[in-house]
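Subject: Structure for your review

Dear colleague,

Please find below the structure that I am handing over to you. My notes on it follow.

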Amino acid sequence: MSRVFTKAARSRQKNAEEEEIEEMEMFGLLGTDHTLKNVARCMRMPYEETTAIERSLFYELLQSRQMTEIFLKIRNTALLVWHMNRQVECTTEDVKNRLETPFKYYAIMIQNIVHYLTRHGIINFGCYHHESHLEYQIPREHQNVLVIGAGAAGIAAATQLSDLGFRPTIFEARQRIGGRVASMWHDGALLEVGCDTLRNLDTSPINTLLCQMDIETTFYMENELIYKDGHRLSEQRKHLFKTLYQNLQGSIDHVAFEKEHRSEDNGMYVSRQQMYENMFNQIERRTLVNFHNHAKESNNLTQRMEMLSKTLETLRTAALRGEEKYKEIPKEDYIQRRSVNLKLKKAMEKFDDAIEEFDALRARLNAHNQMQPSQQYMSPDDFRDFNAHLGLEEYLTGTQLETVQFSSNTRNFLPEGPAASVKQGVGSIFEELAEKCRIPILFKHTITEIDTSGKDSVRVQFETPKGSAAMTFRYVVCTLPLGVLKKTISNDQRAPIFKPPLPPNKVDAIKCLGWGLINKITMGFPDPFWRTFRDEQTQFARIPEITERSYMLSWTSPPNSNSITTYIVAHRTVHDKSENEHVDAAIKCLKEIFPDCPDQPLFSLCTRWHNDPLAFGTGTFMSLRSEPKHFEDISEAIRTKDGLKRLFFAGEHTDATEYGTINGAWLSGVRAAAELANDYLGSGLIDGSDVQIPLADDDFEPTADHYLPKEESFLQPPPELLIPKEEPI
Ligand SMILES: Cc1cc2nc3c(=O)[nH]c(=O)nc-3n(C[C@H](O)[C@H](O)[C@H](O)COP(=O)(O)OP(=O)(O)OC[C@H]3O[C@@H](n4cnc5c(N)ncnc54)[C@H](O)[C@@H]3O)c2cc1C
């Protein structure tokens, strides 16, 4: 009975699905629009799927497959409208005009989607012409927001908050914008002291800022030259080791995907270094096994040949003896002669067969010996070339591979799109943006204490050149780098204090996430002796000794520049060497490749990011103790006594997908701004449950319901928030 029922239910379900698909085909919903797909990819949105945020915001709508398809069509079209012209706000009307019938009649849904994409900084961000007026009427006393830090994350948060109707102010301890983006000039030469490369530019939100402000980029030369002991590595060898490295990397990713690799002994994840070593050990073992099998087969063939030659000898002696015997038999003894003759013939046949087998064996042995396998997978010289790729990974991760967790997250560091530098310096992006968006920044304002013990506000203490002061804000967005937060939890006097102390899960996250260190050595010479280009960034690599791995491995120089920069990712003690020692070592490396290199540079600059009290390092990485949940914990907002979120956290270390990069910093600032706005203003989405699917184009008469929001909840913040709790300072 139940089987019959199941069958019937299944067939009903099948019919419903078929009907749904027919209906969607009727609307032209199925099929791939490659332009929309491309744009969605560029904006890091899944073309055919909804994101977790979308599913949480549009929960009811996305229950049916049909509505999901309609949602995706509208969302992807909104992305396209914005992507085509990022200088001007993408409005509901623009999206409506772009959509064909029947999608354009989903007025409420279109409005909601544009609203949500804007709120989350996916469209309408950066510096663009605003077409519509601000939707929110936020009471003045609630508008003031303090953003701590004018790095990429701080600027992102402040510009977004300003767009959403708040009035953010940035307190920055340095006297410049950018934080770990630090573009300096020396005698007309650009020196990127901090971040110098925009990675994955195709899909980076920073790309939008570049387009909006018409900032020129320069790309890296496509075919990077690699030198070893002063000579250029052949293209074939370069390609060989790159392919091997990529294959091993792919295998690590695969293992990471398949299995959890936490060690049971110490509860830590296996390091990337360990993983590469394990793989090499496996390959070496296999190579040895092959070698032994080969030797065994050689031995076997030789033994068989020896046995055959003995048989041949026996046969030969027997044949000779037979011949003698034959001669002795009288001619008349016809019968015996015939019998011996037959035996002789048989013996000769056997002899021929044995000789044939012997020749075949000899040929096999020769062929076998020609395929002599190596006892070793890689010679030390080969390994040195391969090792340079691991060095590059250290440079991209910002730390030594022994300390990096082997996990799929680590792969996010690896470049998957074009990388570029900025002609006027990466810093110019944020300087221009802050100026164009008129974000007030108070420089030389160093936060010393953040107090969330109040009822409904956050009190901050800070140092200025004029002395100490304190102020109270309704909301604070904190972008203090992870290195500074690490010092805070270890009670270092140079770092700000949190009152009450940060919650245990946040402290744990701060401890467990890794904090890397890259230092740069830049040298200027009277003339460039390396190959320079007019529009391209010079880039070459030097294969260091195995023990040095990522020490002065990569070298870059801006187009037409007389300055050259190399990087140090090494043990902490190496970073502490004197500037002279670093410069001498760098000159030695350069001389090996370019014998014309002068003994001394015109000028040199050696960064000390580990000693910078506003960073204490360079970027976040997944240490052996890191877990994805640590990113959630570290970005979790802190509530005041009234139960509302008041202190928000941003910064590259709070972005689970692109930590350690400028992209991650930007995305984190945008995320924190959206979180603050959502918390204070609500999601702002209009109730769209009345949206009906039109049956056919001709029958569809849009009514006022399709345009007018039913519930204008977003216009007013929740009533309790409108009552001013305290006079703002
Ligand atoms: C040498 C180096 C090379 C890099 N290379 C690349 C690269 O090629 N590509 C890439 O994508 N990324 C790179 N990065 C990483 C990238 O620069 C950072 O991820 C990004 O800039 C971080 O931005 P943020 O806003 O999170 O932090 P920050 O830029 O550090 O901003 C935090 C701000 O807070 C301020 N601050 C700190 N303490 C206080 C206080 N007590 N009171 C007030 N203000 C305070 C700081 O001065 C700073 O301005 C590099 C970084 C370095 C250092």
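Is Met-552 buried or exposed? Met-552 counts as buried, because its relative accessibility is 0%; buried means under 20% relative accessible area, exposed over 50%, and partly exposed in between, with a 1.4 Å probe and protein chains only. This residue lies in strand E18 (residues 551-557). Although Met-552 is not a glycine, its phi is positive, at about 55°.

Before the remaining findings, a word on the basis of these values. This is a predicted model, in which local features need pLDDT of at least 70 and side-chain atom pairs count only at pLDDT 80 or more, while totals for chains, interfaces and linings use all residues. Residues are numbered from 1 along each chain as its sequence is written, and side-chain values use heavy atoms, with hydrogens and water left out.

Overall composition

The chain has 21 helices and 23 strands; these are DSSP runs numbered from the N terminus, helices being H or I with at least four residues and strands E with at least two. Of the 729 residues in the chain, 51% are buried. The chain exposes about 36600 Å², of which carbon and sulfur atoms supply 51%; accessible areas come from the Shrake-Rupley method with a 1.4 Å probe, and for residues only the protein chains shown count as cover. Among contacts (heavy atoms within 4.5 Å) between residues at least 6 apart in sequence, 74% join residues at least 24 apart.

Salt bridges and charge

The structure holds 33 salt bridges, a salt bridge being a side-chain nitrogen of Lys or Arg within 4 Å of a carboxyl oxygen of Asp or Glu. One of them pairs Lys-520 with Asp-196, with 3.0 Å between the closest N and O atoms. This pair links distant parts of the chain, 324 residues apart: Lys-520 is in strand E16 (residues 519-524), and Asp-196 is in the loop between strand E4 (189-192) and helix H9 (205-213). Both partners count as buried, Lys-520 at 6% relative accessibility and Asp-196 at 12%.

Another salt bridge joins Glu-235 and Arg-232, whose closest N and O atoms are 3.4 Å apart. Here Glu-235 is partly exposed, with a relative accessible area of 38%, and Arg-232 is partly exposed at 48%.

In a further case, the side chains of Asp-642 and Arg-646 meet at 2.6 Å, N to O. Asp-642 is partly exposed, at 29% relative accessible area, whereas Arg-646 counts as buried at 2%. Salt bridges that share partners also join Lys-228, Arg-237, Asp-381, Asp-382 and Asp-385 into one network.

A negative surface patch is formed by Glu-349, Asp-352, Asp-353, Glu-356 and Glu-357. Patches are made of residues with over 30% relative accessible area and no salt bridge, like charges being joined within 9 Å and nonpolar side chains (Val, Leu, Ile, Met, Phe, Trp, Tyr) within 5 Å. Lys and Arg count as positive and Asp and Glu as negative, while His and the chain ends are not counted; the place of a charge is taken as NZ of Lys, CZ of Arg, CG of Asp or CD of Glu.

Surroundings of Glu-89 and Asn-124

Glu-89 is placed in the loop between helix H4 (65-84) and helix H5 (92-98), and counts as buried at 10% relative accessibility. Leaving aside neighbours within four places in sequence, the contacts of Glu-89 include Asn-124, Tyr-128 and His-130. Glu-89 and Tyr-128 are 39 residues apart in sequence and 6.3 Å apart in space, C-alpha to C-alpha.

Asn-124, in turn, lies in the loop between H6 and helix H7 (140-143). Asn-124 is buried, with a relative accessible area of 2%, and its phi is near 50°, a positive value in a residue other than glycine.

In helix H19 (residues 628-635), the buried residues are His-630, Phe-631, Asp-633, Ile-634 and Ser-635. They pack against helices H15 (482-489), H16 (504-512) and H20 (662-681), and against strands E21 (619-621) and E23 (645-649).

A cis peptide bond joins Thr-101 and Pro-102, with omega about 5°; Pro-102 is in the loop between H5 and helix H6 (107-119). A cis peptide bond also joins Lys-499 and Pro-500, with omega about -10°, and Pro-500 is in the loop between strand E14 (497-499) and H16.

With kind regards
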